Amino acid sequence: MRGKATGLAFIILLGVLIFTVVLSSGLGAVEIAPLQVLSILASQFGLNIGVPFTEQQEAVFIALRLPRVLMGLFIGAGLAVSGAAMQGLFRNPLADPGLLGISSGASFFVGLAIIANISFAGIWTLPIAAFTGSVLAIILIYSLAQHDRKTNIATMLLAGIAINALCEAGTGLFTYLSTDEQLRTITFWQMGSLGGASWSSLGSAAPLISLSVLGMPFLASALNALLLGESNARHLGVSVEKVKWVIVALIGLGVGAGVAVAGRIGFVGLVIPHVIRLFVGSNHRAVLPLSAIAGALLLLWADLISRTIVSPAELPIGILTSMIGGPFFLYLLLQAKKKGRL
Amino acid sequence: MKIIFALSIFISSPLFAATFTGVDGKKVVVSNPQRLVVINSSSVEIISALGKGEKIVGVDAGSQFPEEVTKKAQNLGHPYRPGAEGVISLKPDLVIANEENMPAATAEQIRSAKIQVLVLENSAKDGLEGLKRRVTLLGDVLEAKEKALELNKEIEADVAALQVEIKSLKKTPKIFFLYAHGPGTAFIYGQATGSHYLIEAVGGKNSADFTTGTKPLTAEAMVQASPDVIIMLGRGLKAVGGVEGALKLSGVSLTPAGKNKAILQVDDSIRWIGPRFPGFAKELLQEMKKTL
């Protein structure tokens, strides 16, 4: 039964995702009809399919819309897969990339760069700071959890919480010390946005996130084994230490690269894996790829709404992910409770 | 039809094309722009004062004056984070914004759609001198040189009149701009801010000149500044519950201003220096004279 449900969910979600990509490529402050989207795409390869479009539509679609939609796709998938893997690793349904200090490590470094007026890399300064922060946080937490060449997951969780608190305090201090202008930059970064997406930012983030999204399913059976406890996993022939390292590294890449280019986007990593598990159970072979697709879907819809609901203005996406995801998640919880599945 | 078409091409031809350099160092070629997106309340006011307000098709949510211009234009949202696509969708032939209102990445995105973006100095830069520079520049850009010259002369005349009135002040009052929307959310506005220039324009001394830019306010810093007069934005004063409410803010009652209830209201847009600035200064000076 589970297998059938998984296959069906996969096909349905993939279909909806493709539909959403096409839909959101055409919708926005600048109107571009579906046929015009095709026409613009064809013209990039020197083909003329006879549907006219303006130079402005082409510029908006190619330079802004397309990289933005693709960015939403990658970041949503990366956040959700990382969330699913983290919940598996910690055997804790409340684990999420925010918990390990990855996002707050990034925030801390972004705040530091802003307050110290560091701008060595122009518009790339903040993304580089964010990525450095997430990677440093994860390395620090991981080394703290090392004992006798083994990693203690409970220590890692607690170290993560401590680092998280420290980084948040640091960011708070920067906020306090900041001028009006710096404060605005920090605040907007914390709310997240795909509005700054460009081909170059996509090019910097997508390969790293892809490593995470495509690599994690290879660890699905190891994650399944870990659900039975570490010693049981070892008996099943899983080289637990290596696996943990790889998972943590992939989470760092998936979340860090996304946070670097779009700021903090909450909720996706925590809730998408839960929704998927409600439908297909806890087998990571199903949960990981389905989470990727569902995460991408949530972020694409949130972004679509964020840039159309108050058009020509935009809402920050972090607000939308929670506003769309929250009620939907509560609804699913209530359904599951009614059926006695919780 | 053909003649009208040919004529309109002639009018919009780059006959008057001129090149300007924004503060971001980017060159902008301007030829008789007809559709303006303006992200900055001070610039919206200047352009309207130059008689070109009807060309403004989009503004930020912070631009609320003059109403006949800002109500008609599309609202592009937060003054500091305009979305590139929203701006492009209004098909402007020129986007005007201040440095703080136009992140470099957004300007780049808008330029990728072949739309000119002119980035101006921030409105608190150099006070009234900065204002006159922006008036002159916008006058050149929008081919309203005469009007710009007139406007600058008016500004100078108003300032000169203020100077005369200031002479009759018995002392140099210490003035504190209290930026607050409620208890515990107050800020200090130090040097090189709009309020600092307003205080100078009315012959006062900014009692918060120990810092540059803005900082969160503590009660002790308020007492240490010991201002004779406190000025607050209209909406800020309303939010804290009027003068009585302001007196309850930490530290305020311990200052000379608090003891004399010398808490005055100024226009909400005072932190951005625009054409109405000398007028605001005049009003404030008159109110202040009553309390001193």
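These legends walk you through close-up views of aromatic rings and their neighbours in a predicted model.

View 1. Searching the whole structure turns up seven aromatic pairs over all chains. Here you can see one of them, formed by Phe108(A) and Phe174(A), with 5.3 Å centre to centre and 40° between the planes. Phe174(A) is buried, at 9% relative accessibility, while Phe108(A) is partly exposed, at 23%. The two fall into separate classes because buried means under 20% relative accessible area.

**View 2. Phe177(B) and Tyr189(B) meet edge-to-face.** The ring centres lie 5.1 Å apart; the planes stand at 85°, so this pair is edge-to-face, a class that calls for an angle over 60 degrees. Phe177(B) sits in strand E8 (residues 174-179) of chain B and Tyr189(B) in strand E9 (residues 187-189), 12 residues apart. Phe177(B) is buried at 1% relative accessibility, and Tyr189(B) is buried at 4%.

**View 3. Four rings of chain B form a cluster.** Step back from the previous pair and look for Tyr179(B) and Phe187(B): ring pairs link them with Phe177(B) and Tyr189(B).

**View 4. An arginine of chain A sits over a tyrosine ring of chain B.** Look for the charged end of Arg184(A), which is 3.2 Å from the centre of the Tyr80(B) ring.

**View 5. Arg276(B) sits over the ring of Phe65(B).** In this view, both partners belong to chain B, and the charged end of Arg276(B) is 3.5 Å from the ring centre of Phe65(B).

Technical notes. Residues numbered from 1 in each chain as written. Chains lettered and ligands numbered in written order. Predicted model: local features only at pLDDT ≥ 70, side-chain atom pairs only at ≥ 80, totals over all residues. Heavy atoms only, no water. Phe/Tyr/Trp six-rings, centres within 6.5 Å; stacked < 30°, edge-to-face > 60°. Buried < 20%, exposed > 50% of the residue type's maximum accessible area, 1.4 Å probe, protein only. Helix = DSSP H or I, 4+ residues; strand = E, 2+ residues; numbered from the N terminus. Lys NZ or Arg CZ within 6 Å of the ring centre and 35° of its normal.
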